[in-house]
Every structure is written in C-alpha cells, then in structure tokens.
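Morning, everyone. Please have the structure open while I talk.

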Amino acid sequence: MATTLSAEQIATINQYDQEQRFNYCIKEIVANQQVWILKDEHGCVMLNTEEDDCVPVWPNREFAEAWATGEWADCEAEAISFNKWRSRWTQGLEQDDLSVVVFPNDNEEGVVLFPDEFDFELNKQNARR
C-alpha cells in the first residue's frame, strides 16, 4: 500500500530532473503495484507531443491530483493495479497507437515511451524486487 507523501517530499521530488523523475516513477509504481492516471467521464486524459498522443502516468496519487487543475479540474486520480496495467493497458495503448509520458512535470515534459518500452522498464524494476 502506498504511503502518503509529505509536502516536503513532494517539493523535493518536484525538483528532480527528467531522468530522476523517470527513475523515481518506475521504482514507485513497482513498489506500490499501482500506476496513477487522471480520468474524466470520457476516459483518461491525454497529452500531445508533435509526434505522439500520450497517456500521462504518475507514481503517486498526490502528483496525479496536482494535475487536476484548469481544463482538467473535473478529473480524478485513479490507480490502475500493476497487473491490470500490464495485462490490459500495455496492449490496449499499443492497439490505439498511444504512447506513455512518464511523470510529466509542470511544463508537460516527461520521458515518452511506447507502451512496450514502459512495460520493459517496469519488468526490469520488478525483477530487482
């Protein structure tokens, strides 16, 4: 079960660079066995790059909820179990030609991976447990 992060921890993690955010996210997802997304009545929210439509994922509820502002104010953070993500979401995202943006920062920047690459990183971390 995930532990609640303190404001201090959140502030520290928000200072991480892209690589640190990516590594933190992968470790937290595997440790907590949850992937966090934002969703509304139409489904999960999306970010768009020049080349890809992406589903943003977060390591903890607090970071996902922090994105529920502005045009996403009506969105809710939802945890997807690690096993459900791997058994359904990876394949579903691939079929829909979507990518994953891992733990985007406030500037909507994050590591963008194809779903199978994200799954590979999760598996690699899971093997270390």
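First, the ground rules. This is a predicted model, where local features need pLDDT of at least 70, side-chain atom pairs count only at pLDDT 80 or more, and totals for chains, interfaces and linings use all residues. Residues are numbered from 1 along each chain as its sequence is written, and side-chain values use heavy atoms, with hydrogens and water left out.

Now the idea. Side chains of opposite charge can pair when their charged atoms come close. A salt bridge here means a side-chain nitrogen of Lys or Arg within 4 Å of a carboxyl oxygen of Asp or Glu. How many salt bridges does that rule give? The count is four. I'll show you some of them.

Start with Lys-39 and Glu-78. Their side chains form a salt bridge, N to O, at 3.2 Å. Lys-39 is in strand E1, residues 34-40, and Glu-78 is in strand E5, residues 76-81. The two are 39 residues apart, so this pair links distant parts of the chain. A word on those labels: helices (H or I, at least four residues) and strands (E, at least two) are DSSP runs, numbered from the N terminus.

Lys-39 is partly exposed at 32%. Glu-78 is partly exposed too, at 24%.

Next, a pair within one helix. Glu-65 and Arg-61 form a salt bridge, with their closest N and O atoms 3.3 Å apart. Both sit in helix H3, residues 61-66. They are four residues apart, so about one helical turn separates them. Glu-65 is partly exposed at 40%, and Arg-61 is partly exposed at 41%.

Now Asp-119 and Arg-86. Their side chains meet in a salt bridge at 3.3 Å, N to O. Asp-119 lies in helix H5, residues 115-127, and Arg-86 in helix H4, residues 82-95, so the pair ties together parts 33 residues apart in sequence. Asp-119 is buried, at 16%. Arg-86 is partly exposed, at 30%.

Last stop: Thr-90. This residue is also in helix H4. Thr-90 is buried, with a relative accessible area of 7%. What does Thr-90 touch, leaving aside neighbours within four places in sequence? Contact means heavy atoms within 4.5 Å. On that basis, Thr-90 contacts Trp-85, Pro-115, Asp-116 and Asp-119. And Asp-119 is the residue that pairs with Arg-86.

Notes
Buried means under 20% relative accessible area, exposed over 50%, partly exposed in between (1.4 Å probe, protein chains only).
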